[in-house]
Amino acid sequence: MASSSLPSLPPVSGTDPSSSVLDAFRISIAKKISDALEPLTLEQAYAGVDYGKKGEDFTVALPRFRLPEKPDALAKKVIENFQADDFVASIKHDKNFIHFQLNTTSLVRETLTQIHTLGPQYGVNTSGKGQKVLIEYSSPNIAKSFHVGHLRSTIIGAFLANVYKACGWEVISTNYLGDWGTQFGLIAVGYEKYGSQEELQKDAIKHLFDIYVKINKDAEDDPEVKVEAAKFFRRMEDGDESALKNWREWRELSVKKYETEYDRLNVHFDVYTGESQVGQKSIDDAITRLNEMGLIEDHEGAKLVNLEKYKLGKAVVRKKDGTSIYLTRDIGGAAERYEKYKFDKMIYVISSQQDLHVAQFFKVLELMEFPWAKSLVHVNYGLVQGMSTRKGTVVFLNQIIKEAKTVMHEQMQKNEEKYNAVEDPEMTSEELGITGVKIQDMSAKRINNYNFNWDRMLSFEGDTGPYLQYAHVRLASIGRKNPHLLPLPSRSEIDIATLTTSTHAREIAFLLGTYPDVVKTALKTHEPSGVVTFAFRLSHAISSAWETVVVKGEEDIEKARARMWLYESARDVLAASMRLLSITPLERM
Ligand code: ARG
């Protein structure tokens, strides 16, 4: 618990001033409103306290309370009742609104104290305690390309896993590999022709992809190839050990390779599963259940579920030759996961190109009357256009990482002096590059398409990944440059009065105070962009403060210490927001 020196407040459900410092100020505002506007309750008033627009801390829109009196009359009551206190310094009536300005000293002191007391726990909450979420993301296809769509799923999924953890949920991260389907029959046929153990060991993902491309070409000229492939896949589905042997090795080597690449991206999975892992029994059970419920139609030997009533077309669940398909594996797979994990929620991070597919299998599960079907969530996202390296098209994840790193490395070398001061330029340029890729990906709403642009994303100017890292590095350097101030004395002995006269310092403190809300909003919206916006707003506020809120050279030790405390708090929270985005904050660059 972060101790507070403010007067005590009545509790409001859903709030927790001990972990979310601004809740205290909001409750005090709500109390002022409800006291003046009886019979409005404290809870009702609280729900009406919003962040203010530019220059205002909090704002209440009076009409939302639906009270019989006019806003002017209501405002008058609130103002007559108002007395400045440790929470609120002043209020202002403006048409339908009342704006509240917080007491600066309390704001700065309470915020910095809470950040210090809670340490790495600042910003997290326990709203998801006791609940379990399974998050499926990344899910590339073995032997096909790892395209930017998979990269987006990886980036957004890793973010969601962090957010749910920060909100107290038990999280299981799952990678559902595309490791099954007729294409594996095709690759098997291709492997006989073009395969090489040596190449496979060297880079399984690339080798299998090359084979896949070649055999697809062959198949265009020779229809026999497809027939062979279908026969082979049939044997795989029947569990024929001789047909499965190679496939097993391909899968294992591919997973190994992916694991090292995910590691570099700071992304980790608890479970690698895949389409191949969905048991035949779950699939058969699903089809039986659908049959019994009268949901299946026969169409020239294939079986389908008619979803036209729901504007979702007709979903084929079994092919004529009896082999399973993508959709059915998702249906059976979901049921298996529920049996295994008994999740409270399951999230699929899948491109909006598959909206129909996901809507279909969610609907089928609902029609099958699984009570947990309503706990499934599809987090979708738009397309990434125009990603290629400077040499050509990108198809592999390691190419993306490598290219980002190379571009950053070249950038860094342009400033020789700085470059020489960096201890590990390899690691640093890779992290900078990856940060650039991630920030570009998460800057706008998920559903938007965007153009992959190396120059823009890896620039140090504008709201880019490297800029964010730079902001953090700069904050991290203050301690190194002012060792005489460290360690800071007990925080209660620091005189923050000198900070309260600076509007820049006040703005930083207020932003820092909003961080717990930023995390809560991310949980609700599943949007990384809100966190990215926060990180940039904070970085901009800090950069505006540099010239006036100076540490180095400040002779008044009290002042210097207070400022140092402010910047340390800013660094901690900026780093926390970056980690939430799966970015590793750099100490130097
Ligand atoms: N492997 C699929 C693809 O690359 C994505 C899998 C998405 N997840 C799922 N449960 N269908 O298109």
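This is a predicted model: local features need pLDDT of at least 70, side-chain atom pairs count only at pLDDT 80 or more; totals for chains, interfaces and linings use all residues.
Figure 1. An oxygen atom of the ligand lies 2.7 Å from an N or O atom in the side chain of His150. A nitrogen atom of the ligand is placed 2.7 Å from an N or O atom in the side chain of Asp330. The residues around the ligand are Glu136, Ser139, Asn141, His150, Tyr176, Tyr326, Asp330, Tyr348, Ile350, Gln354 and His357.

**Figure 2. Helix α5, residues 148-166.** Helix α5 has 19 residues, and the distance from its first C-alpha to its last is 27 Å. This reach is close to the 27 Å expected at 1.5 Å a residue. Of the 19 residues of α5, 17 are buried, so the helix is largely enclosed by the rest of the structure. Gly168 follows α5 and has a positive phi, near 85°.

**Figure 3. Helix α9, residues 223-237, and its ends.** The 15 residues of α9 should span 21 Å at 1.5 Å a residue; the end C-alpha atoms are 22 Å apart, which agrees. At the start of the helix, a side-chain oxygen of Asp222 comes to within 2.9 Å of the backbone nitrogen of Glu224. Just after α9, Gly239 adopts a positive phi of about 80°.

**Figure 4. Buried and exposed residues of α9.** The buried residues of this helix are Val225, Ala229, Phe232, Phe233, Met236 and Glu237. They cover an arc of only 140° around the axis and therefore lie on the same side of α9. An α-helix has 3.6 residues a turn, so residues three or four places apart point the same way. Pro223 and Lys231, on the other side of α9, are exposed. The packing partners of the buried residues of α9 are α6 (182-194), α8 (204-221), α10, α11 (280-292) and α12 (326-341).

**Figure 5. The cis peptide bond from Glu38 to Pro39.** The omega of this bond is near 10°. Pro39 belongs to the loop that runs between α1 (21-36) and α2 (42-47).

**Figure 6. The cis peptide bond from Leu486 to Pro487.** Here omega is near -10°. Pro487 is part of the loop between α18 (465-481) and α19 (497-500).

**Figure 7. Asn266, a residue other than glycine with positive phi.** The phi of Asn266 is near 65°. Asn266 sits in the loop between α10 (241-264) and β7 (271-274). With a relative accessible area of 33%, Asn266 is partly exposed.

**Figure 8. Lys311, which has a positive phi although it is not a glycine.** Its phi is about 60°. Lys311 is located in the loop between β9 (302-306) and β10 (314-318). The relative accessible area of Lys311 is 76%, so this residue is exposed.

Terms used
Residues are numbered from 1 along each chain as its sequence is written. Side-chain values use heavy atoms; hydrogens and water are left out. Helices (H or I, at least four residues) and strands (E, at least two) are DSSP runs, numbered from the N terminus. Buried means under 20% relative accessible area, exposed over 50%, partly exposed in between (1.4 Å probe, protein chains only). The expected span of a helix is 1.5 Å times one less than its number of residues. The arc is that of the directions from the helix axis to the C-beta atoms. Contact means heavy atoms within 4.5 Å. A polar contact is a pair of N or O atoms within 3.5 Å; within protein, one must be able to donate a hydrogen and the other to accept it, and residues adjacent in sequence count only if both atoms are side-chain atoms. A residue is near a molecule or strand if one of its heavy atoms lies within 4 Å of it.
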